Amino acid sequence: MPKNSKVTQREHSSEHVTESVADLLALEEPVDYKQSILNVAGEVGGKQKAAEDELDAEDRPAWNSKLQYILAQIGFSVGLGNIWRFPYLCQKNGGGAYLVPYLVLLVIIGIPLFFLELAVGQRIRRGSIGVWHYVCPRLGGIGFSSCIVCLFVGLYYNVIIGWSIFYFFKSFQYPLPWSECPVTRNGTVAVVEAECEKSSATTYFWYREALDISNSISESGGLNWKMTLCLLVAWSIVGMAVVKGIQSSGKVMYFSSLFPYVVLACFLVRGLLLRGAVDGILHMFTPKLDKMLDPQVWREAATQVFFALGLGFGGVIAFSSYNKQDNNCHFDAALVSFINFFTSVLATLVVFAVLGFKANIMNEKCVVENAEKILGYLHTNVLSRDLIPPHVNFSHLTAKDYTEMYKVIRAVKEDRFASLGLDPCLLEDELDKSVQGTGLAFIAFTEAMTHFPASPFWSVMFFLMLINLGLGSMIGTMAGITTPIIDTFKVPKETFTVGCCVFAFCVGLLFVQRSGNYFVTMFDDYSATLPLTVIVILENIAVAWIYGTKKFMQELTEMLGFRPYRFYFYMWKFVSPLCMAVLTTASIIQLGVTPPGYSAWIKEEAAERYLYFPNWAMALLITLIAVATLPIPVVFILRHFHLLSDGSNTLSVSYKKGRMMKDISNLEENDETRFILSKVPSEAPSPMPTHRSYLGPGSTSPLETSGNPNGRYGGSYLLAGTPESEL
């Protein structure tokens, strides 16, 4: 062969060489089709670029180590919700009884779907858009919806990191600024701020000093400049962490994923040494069995499973796409799920130990205040001293003595007991006071820390932990946006990432208005939950019912080197879709029965009041849900009616280091068949239905066929001896 021929050039160069396809195939050695893999894609889109993707995969970034990857998945799945939402749900839904529905749903929905997302990301090595386009082009909109949901969550999630940054810097002072109510002087008279006096020092600091909150969502109140600056810092940190992709974020994960466990361990040891910690833990683990039968509890447990593992966001798929294909993602799914659950339980122990201490402090305060009332009634003869048990000593009054005295007075003065204004001061009442979400971290837990020795140190550690937990989740959320967009549209990584951060900061100014906290509630409680449920159920259907569970299990067997448990087959095929369908229906019914609302802080009353969203806010909420789910039906309709090509009629052939790839476009049907199977149309067999890739050893035929609605072929050769041919 001439030395300057293109085939000779191909053998001695790693560069792409383009030549006539007919000449190229004519000079190629005969291929044993029984030992090769013929990939012909028709209706199953996304494979029209399968061969080019093999080349891209060689240049695709990869994790430096398995530990780095596991820490990234843990950092993404273990977030702020593990610290405040899971303990709140335990407190609200029956203590230890809540663990039963959570564990059941974790096993039948959480772990199987987490394994599914890990597997498809690792198998296809693309972000969510590319993965679901590959699995089922008509459901390719799932990937776009995942990106939108990630955007919605990232917008408000980074605001919470901004709040943590604000408290972190405020913690470097003694006493802590939220430990006492502010005092204003009117001449020589010191006056305590009325709003603080009616509520508490920590509540006042949160609503007035930190948020400077308005009375309703309709009252904007302008930007809160302190939180605007903190939001800018938060997005700057996130941007620096993700600008280089996993090369930069992977290094951050070593600290952001491990440091929270150090802090939790320290808080657990410190919390168990506090007076009253055992009361809080026993209260948490005492099950209220009637709650186990409440459908609302199961719905909230399922939602928590989705958010805890990051299902449907695309971050799990993005991270796993940087793995080698022989990585044991089955082990990863079990390990990360266990660590996530362990973290939630550990955080709950810490929270209830500290809240048990706080409840004892507040109960003692209640006893002292009411004992002073009783002494006043005794001095004014409103109450007789005969009502006081002889062993009661007001100088050292215990909660037990006060309870006994309270019962006697209530029995004797039953007719006018209400006018005395005495409180029962029961420890159980303090423990039952559930504080949701941000209130648990920024009010209840913060108040408890003011009673710690060296309280600024513990406050710094706590809010630094929250920042790192939020950062790990934000890195995964940003990966759920940037990875699929960069994979699909080949945009510059650094430019696009910085642009996303700038855009998100600008939109995020909505959340740092004085009414911004109410928008956080809207996005957190409503805008992402329903779209996320729809995304997850469609992911399950796409793999289990369209791509095929048996086919998927076979590919997993070849990829992992062993066959996953049969348990996953039944979960993917039947149990998980059914459970998620029930969950979706329940969520829709819940929205219809209970109008969405939010807890507003009323300054004049110094108290919270539940308000329903006004009409314009409801319209915004419906728009957000529609925008998040709209890509799914749009892409389905466009591809069903062939208004959007899935690329199934394109071929390409090029060479690199002896590997044959595709590089021909818009061929006629007969020419396409000739180039794939023979040299002249007469020698080619009659057109066959298109099919997916050969599934490997054990199959009765090297080809598995499926119907082709348009009679077109998309094809790729993968030489049998190469690693790329081993699916």
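This is a predicted model: local features need pLDDT of at least 70, side-chain atom pairs count only at pLDDT 80 or more; totals for chains, interfaces and linings use all residues.
Let's start with Glu494, which is partly exposed, with a relative accessible area of 34%.

Now, how many salt bridges does the count come to? The answer is 10. Let me walk you through a few others.

One is between Glu364 and Arg275, whose side chains meet at 2.4 Å, N to O. Glu364 is in helix α17 and Arg275 in the loop between α13 (259–272) and α14 (277–285), so here the pair ties together parts 89 residues apart in sequence. Glu364 is partly exposed, with a relative accessible area of 38%, and Arg275 is partly exposed too, at 44%. There is also a network: Glu195, Arg208, Asp212 and Arg514 are joined into one by salt bridges that share partners.

Then we have Glu555 with Arg123, where the closest N and O atoms are 3.2 Å apart.

Lys358 is in helix α17, which covers residues 329–379. Lys358 is buried yet has no salt bridge. Which side chain of opposite charge is nearest to Lys358, and how far away is it? It is Glu447, at 4.2 Å. If we set aside neighbours within four places in sequence, Lys358 is in contact with Ala444, Glu447 and Ala448.

The charged end of Arg566 sits over the ring of Phe569, 4.4 Å from its centre. Arg270 lies over the face of Phe452, at 5.7 Å from the ring centre.

On to rings paired with rings. The structure holds 54 aromatic pairs. Among them is Phe457 with Trp458, an edge-to-face pair with 5.3 Å centre to centre and 75 degrees between the planes. Phe457 is partly exposed, with a relative accessible area of 46%, whereas Trp458 counts as buried at 13%. Another aromatic pair is Phe519 with Trp616, which is tilted: 6.2 Å centre to centre, with 45 degrees between the planes. This one links distant parts of the chain, with Phe519 in helix α23 (residues 516–527) and Trp616 in helix α26 (residues 615–629), 97 residues apart. Phe519 is buried, with a relative accessible area of 4%, and Trp616 is partly exposed at 41%.

One helix I'd like you to look at is α5, residues 80–92. Helix α5 has 13 residues and reaches 18 Å from its first C-alpha to its last, close to the 18 Å expected at 1.5 Å a residue. Why do I call α5 largely enclosed by the rest of the structure? Because 10 of its 13 residues are buried. Those buried residues include Trp84, Phe86 and Tyr88, along with Asn82, Cys90 and Gln91. After α5 comes Gly94, whose phi is positive, near 100 degrees.

Finally, let's step back to the whole chain. The protein chain has 28 helices and 10 strands. Of its 727 residues, 57% count as buried. And among the contacts with a separation of 6 or more, 78% are between residues 24 or more positions apart. Thanks, everyone, and I'm happy to take questions.

Definitions and conventions: Residues are numbered from 1 along each chain as its sequence is written. Side-chain values use heavy atoms; hydrogens and water are left out. Helices (H or I, at least four residues) and strands (E, at least two) are DSSP runs, numbered from the N terminus. The expected span of a helix is 1.5 Å times one less than its number of residues. Buried means under 20% relative accessible area, exposed over 50%, partly exposed in between (1.4 Å probe, protein chains only). Rings of Phe, Tyr and Trp (its six-membered ring) pair if their centres lie within 6.5 Å; planes under 30 degrees apart count as stacked, over 60 as edge-to-face and the rest as tilted. A charge sits over a ring if NZ of Lys or CZ of Arg is within 6 Å of the ring centre and within 35 degrees of the ring normal. Lys and Arg count as positive and Asp and Glu as negative; His and the chain ends are not counted. A salt bridge is a side-chain nitrogen of Lys or Arg within 4 Å of a carboxyl oxygen of Asp or Glu. Contact means heavy atoms within 4.5 Å.
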